[in-house]
2 protein chains.
Amino acid sequence: MPVPLDDDTRTPASRTARERVRRELTREITDVARRHLAEAGAASLSVRAIARELGMASSALFRYFPNRDALLTALIVDSYGSLGDHVEAAERAVHDADVATRWSAVCHGVRDWARTHPHEYALIYGSPVPGYAAPQDTVGPASRVPLLLGSLLADMAARADDRRPDDAGPGAPPAAPAPEDDALAGALAPVRATMPDEVPVDLLARGLMAWTFLFGAVSFETFGHLHGVVDDLDAWFDHEVHRVADALGLR
Amino acid sequence: MPVPLDDDTRTPASRTARERVRRELTREITDVARRHLAEAGAASLSVRAIARELGMASSALFRYFPNRDALLTALIVDSYGSLGDHVEAAERAVHDADVATRWSAVCHGVRDWARTHPHEYALIYGSPVPGYAAPQDTVGPASRVPLLLGSLLADMAARADDRRPDDAGPGAPPAAPAPEDDALAGALAPVRATMPDEVPVDLLARGLMAWTFLFGAVSFETFGHLHGVVDDLDAWFDHEVHRVADALGLR
DNA sequence: GCGTCGTCAAGAGCACTGCTCTCGTCGGTT
DNA sequence: AACCGACGAGAGCAGTGCTCTTGACGACGC
């Protein structure tokens with residue numbers, strides 16, 4: 001959804017033909033930009049290079065995006081969308097399995113996407129570009145994966161309600177959940193508002209930690225911080241995912 | 001340690017006076033560069049701007065650093081050093097306390113440094129710059145914090161040996177450590193070689209996960225991914241650190 | 001049908017970037 | 001004293017984001 005320059009209400013007739021070709025060209029621009037981004041990374045994304053490939057003057061591009069940052073924002077939204085599609089599909093494929101399997105599917109979905117789209121991943125989860133502040137358009141697409149994790153948590157909470165007081169096996173959460181629950185609930189108030197109500201604070205906190213961990217692991221690998229540290233990245237990642245599932249109390 | 005252009009062996013006399021002013025100017029350059037980096041971020045670090053501030057022609061700077069990347073590398077090494085100093089000092093201050101306290105000190109040390117040096121943090125832990133491949137000079141400084149964590153693990157292993165067979169309290173590691181230990185040991189072979197020998201594979205894996213998690217948490221916060229998610233970042237981070245300590249089996 | 005207005009593409013131009021090459025100078029060595 | 005290496009300055013190249021102006025074309029009201 002590329003940022004429209006001006007979306008005021010024109011006469012109904014003109015919004016058909018002209019708007020249509022405008023939309024088409026806007027899409028062509030983001031397509032080329034996405035390809036350049038995938039090949040060379042965000043830092044070397046050049047408005048002029050895109051214009052060159054499209055056979056038009058660079059100045060013409062500024063009729064469609066007010067500046068380079070707006071183009072980057074469109075790519076960020078696209079990237080979040082692509083990641084969301086991929087991960088949601090991966091989870092849907094095992095949606096009827098147990099929660100541990102679904103968690104694993106989400107983790108591997110994120111990692112797979114990052115491995116095939118490293119520059120897009122860096123764009124959305126790497127260092128923010130210097131003066132850049134993420135506009136509001138990005139928060140919706142950005143929260144798709146967290147929301148998916150939230151629905152996992154909700155399902156966990158629902159099943160825990162079914163068989164509440166009789167299980168205290170080795171898979172139970174190992175930590176002491178009691179004392180500072182109020183302070184924790186306060187700190188997590190914003191995210192609680194966006195999550196299903198069934199999720200208790202303690203579970204939400206563990207889910208947030210799992211998400212933090214997943215992001216850390218994928219970023220470590222994508223940004224090359226595991227060179228000379230871990231040999232078999234596949235095995236290591238899978239091992240990690242299972243361990244975190246244990247820590248989440250998924251077994 | 002700015003990359004020297006040519007370190008061949010000249011006559012002993014010339015290496016005194018000339019080399020001295022050369023070193024001084026090199027240091028002045030990195031000082032100004034570090035200030036610019038801290039203020040505006042790596043992406044907008046300009047060789048010309050640095051030269052302007054130093055009152056010299058931009059071309060003269062290329063006598064000291066072959067290109068912008070080399071200057072960035074020097075800043076990366078500096079940043080790792082600064083982070084290492086800070087975290088090691090934080091740990092030293094509580095070095096006689098128990099392992100949980102030391103772990104907490106390391107975590108807060110990393111986070112404090114990231115909060116006061118966000119651009120430096122982004123430089124070393126954010127998305128790598130496009131064509132840039134970290135040269136070998138960086139791996140030493142980069143591994144100071146991991147090595148510090150490794151020494152924590154070694155101390156844990158030593159104390160666990162003391163009182164081995166009699167504790168199975170609620171603080172014991174919750175996961176099943178047995179089956180795939182060989183595959184895990186293989187995957188972690190590189191990092192095992194750099195760590196103290198006393199650390200068993202299972203503990204090393206948990207330590208690596210803790211480090212992954214710490215990096216994920218600090219990056220989330222530094223890169224702004226917790227806006228609208230967590231209100232009280234201090235409380236949340238401290239809570240997380242304790243939870244991970246539990247998962248590590250530190251209590 | 002005609003004039004008008006809005007939209008669009010193109011070109012020139014500005015200020016900036018990293019980097020190279022050349023040229024004059026000056027310091028230390030032989 | 002002569003030489004040679006290191007050095008700084010300047011011009012210049014190719015590239016960047018972005019602005020402003022100009023000219024054309026299409027859709028609209030009269």
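In which helix of chain A is R23(A) found?

A: R23(A) is found in helix α1 of chain A, which covers residues 14-40. Residues are numbered from 1 along each chain as its sequence is written, and chains are lettered from A, with ligands numbered from 1, in the order in which they are written. The model is predicted: local features need pLDDT of at least 70 and side-chain atom pairs count only at pLDDT 80 or more, while totals for chains, interfaces and linings use all residues. Helices (H or I, at least four residues) and strands (E, at least two) are DSSP runs numbered from the N terminus.

R23(A) counts as partly exposed because it has 13 C-beta neighbours inside 10 Å. On this scale a residue is buried if 20 or more other C-beta atoms lie within 10 Å of its own, exposed if 12 or fewer, and partly exposed in between, with C-beta atoms placed from the backbone. From R23(A) to H119(A) is 96 residues in sequence and 25 Å in space, C-alpha to C-alpha.

D98(A) sits in the loop between α4 (68-92) and α5 of chain A. It is partly exposed, since 14 other C-beta atoms lie within 10 Å. Its C-alpha atom is separated by 25 Å from that of S82(A), 16 residues apart along the chain.

Chain A as a whole has twelve helices and zero strands. Buried residues make up 39% of its 251 residues. Of the contacts in chain A between residues at least 6 apart in sequence, 70% join residues at least 24 apart; two residues are in contact if their C-beta atoms, placed from the backbone, lie within 7 Å. The domain assignment, with bounds from an automatic or database source, divides chain A into domain 1 (1-66) and domain 2 (76-247). Each of the two gives seven residues to the contact between them. On the domain 1 side these are four nonpolar, two polar and one charged. In this sorting Ala, Val, Leu, Ile, Met, Phe, Trp, Tyr, Cys and Pro count as nonpolar, Asp, Glu, Lys and Arg as charged, and the others, Gly among them, as polar.

pLDDT, the predictor's confidence in each residue from 0 to 100, averages 86 over chain A, and 83% of the residues score at least 70. It stays under 50 over residues 1-14 of chain A, for which the model has eleven contacts beyond four places in sequence. Residues 166-177 of chain A also stay under 50, with 13 such contacts.

The contact between the chains takes 46 residues from chain A and 46 residues from chain B. On the chain A side, the elements that give two or more residues are α9 (181-187), α10 (189-194), α11 (201-222) and α12 (233-248). The largest share, nine residues, comes from α11(A). By class, this side of chain A holds 30 nonpolar, eleven polar and five charged residues.

One of these elements, α12(A), has 16 residues; at 1.5 Å a residue it should span 22 Å, and its end C-alpha atoms are 22 Å apart, which agrees. The expected span here is 1.5 Å times one less than the number of residues. Buried residues of α12(A) include W236(A), F237(A), V241(A) and L248(A), and also the charged E240(A), R243(A) and D246(A). Their cover includes α5 (99-116) and α11 of chain A, together with α9 (181-187), α11 (201-222) and α12 (233-248) of chain B. After α12(A) comes G249(A), whose phi is positive, near 80°.

Chain A can be laid on chain B with an RMSD of 0.0 Å by a turn of 180° and a shift of 0.0 Å along the axis; the superposition is by least squares on the C-alpha atoms of residues with pLDDT of at least 70 in both copies. The two copies are therefore related as by a two-fold rotation axis. Of the residues of chain A, G216(A) comes closest to this axis, at 1.9 Å by its C-alpha atom. The same surface serves both copies, as 100% of the contact residues of chain A recur in chain B.
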